[in-house]
Amino acid sequence: MNTKSRIASVLKANCLDSSVTGLQTFHLSELALQNDLEFPLPTNIRLGHLAEKIVSVLIKSSENYRVLCENFQIIEDGKTIGEIDFIIESTIEKKLIHLELAYKFYLFDPSISEEPINNWIGPNRNDSLSEKLDKLKKKQFPLLYHGRTESKINGIDITTISQALCLLVFLFVPYEFKTKLSPAYEKAIKGYYLNLETFISLDNSEKTYYLPSKKEWGMDASENEIWTDYKGLENKIDTSIREKQALLCWQKYKGTYLSFFIVWW
């Protein structure tokens, strides 16, 4: 995995703003960083935790923010009740922020509801944007005010800490979807999704593909160097669909690159 591309994919990801989330937004563009920053990445963690590690180093590498606390668990009666992602400080304004981070992929299913926010679901339909926001508002952010928290943050006055969300999203709409969504969503749309039958019907001998691993999701398809035809991926795709596991697929065709999900549902 190209570490520079992986870091860039997090920095360039679209952040859903308060018009969607109802929460104060922290954009990674606020970080004053050197160009072409590169650093070692862990290899044995899941995608969400990898994104957290990248953001942690980015904040620490910036000229205008520093990390005071990160990934600390709140434990009560021997049971972990939650974890706070970051408490950071603006080194210029001396403002403290409880920052929660998420790196998510959602597909738009217009059949669910008339309210767009309820229609963004995970690739395997087992999570959703609305559920994520509900959890953040009812569980994650209130952790700051839990009785056990103050003792974990080195005596920082909790009343001086504001709260913000950095929700980095990659959104996908149905194949040939024509309906316009709000600009907050539109700018985060990275491709489409389709079923296996439609994917096969669109294949031709000039198209080549790559199935990125989960840790490569969100990276730029144009930087990939390994491509194969459909036959080279047929068994893996068939197995994943049979096991009800959606696949992210990159396509190279006539000098253009596409990202899309092949779904089982």
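User: Let me start with K104: what does K104 count as by relative accessibility?

Analyst: K104 counts as partly exposed, at 22% relative accessibility. The scale works like this: buried is under 20% relative accessible area, exposed is over 50%, and partly exposed is in between (1.4 Å probe, protein chains only). Before we go on, note that this is a predicted model, in which local features need pLDDT of at least 70 and side-chain atom pairs count only at pLDDT 80 or more, while totals for chains, interfaces and linings use all residues. Residues are numbered from 1 along each chain as its sequence is written, and side-chain values use heavy atoms, with hydrogens and water left out.

User: Which residue forms a salt bridge with K104?

Analyst: The rule asks for a side-chain nitrogen of Lys or Arg within 4 Å of a carboxyl oxygen of Asp or Glu. For K104 the partner is D127, with the closest N and O atoms 3.4 Å apart. D127 sits in the loop between β5 (120–121) and α4 (129–140) and K104 in strand β4, so this pair ties together parts that are 23 residues apart in sequence. D127 counts as partly exposed too, at 23% relative accessibility. Helices (H or I, at least four residues) and strands (E, at least two) are DSSP runs, numbered from the N terminus.

User: How many salt bridges does the rule give, and which residue does E38 pair with?

Analyst: The count comes to 8 salt bridges. In one of them, E38 pairs with K4, and the closest N and O atoms are 3.9 Å apart. These are distant parts of the chain: E38 belongs to the loop between α2 (18–21) and α3, K4 belongs to helix α1, and 34 residues separate them. Both ends count as partly exposed, E38 at 45% relative accessibility and K4 with a relative accessible area of 35%.

User: Where do D134 and K138 lie?

Analyst: Both are in helix α4, 4 residues apart, which is about one turn of the helix. D134 is partly exposed, with a relative accessible area of 35%, whereas K138 is exposed at 63%.

User: Which residues of α3 are buried, and what covers them?

Analyst: The buried ones are L47, L50, A51, E52, I54, V55, S56, L58 and I59. Their cover includes α1 (3–11), β2 (65–76), β3 (79–90) and β4 (96–108); contact here means heavy atoms within 4.5 Å. Turn to α1 and you find S5, R6, I7, S9 and V10 buried, with α3, β4 and β6 (161–174) among what covers them.

User: Which residues is Q251 in contact with?

Analyst: Q251 is in strand β9 and is buried, with a relative accessible area of 5%. Leaving aside neighbours within four places in sequence, Q251 is in contact with K207, T208, Y209, W227, T256, Y257, L258 and F260.

User: How much space lies in the largest pocket?

Analyst: Rolling a probe the size of a water molecule over the atoms shows where empty space is left. On a 1 Å grid over the protein atoms alone, a pocket is an open set of points where a 1.4 Å probe fits, with protein on both sides within 12 Å along at least five of seven lines; lining residues have an atom within 4 Å of a point. The largest pocket holds about 980 Å³. It has 36 lining residues, and the closest to its centre are R46, G48, Y103, K104 and K214. The elements giving two or more residues to this lining are α3, β3, β4, α4, α7 (230–242) and β9 (247–253), and the largest share, 6 residues, comes from β4.

User: Finally, what phi does D77 have?

Analyst: Most residues other than glycine have a negative phi. D77 is not a glycine, yet its phi is positive, about 55°. D77 lies in the loop between β2 and β3 and is exposed, with a relative accessible area of 75%. K254, also not a glycine, has a positive phi of about 55°; K254 is in the loop between β9 and β10 (256–263) and is exposed at 62%.

Methods
Points joined across faces, edges and corners; volume = space filled by probe spheres on them.
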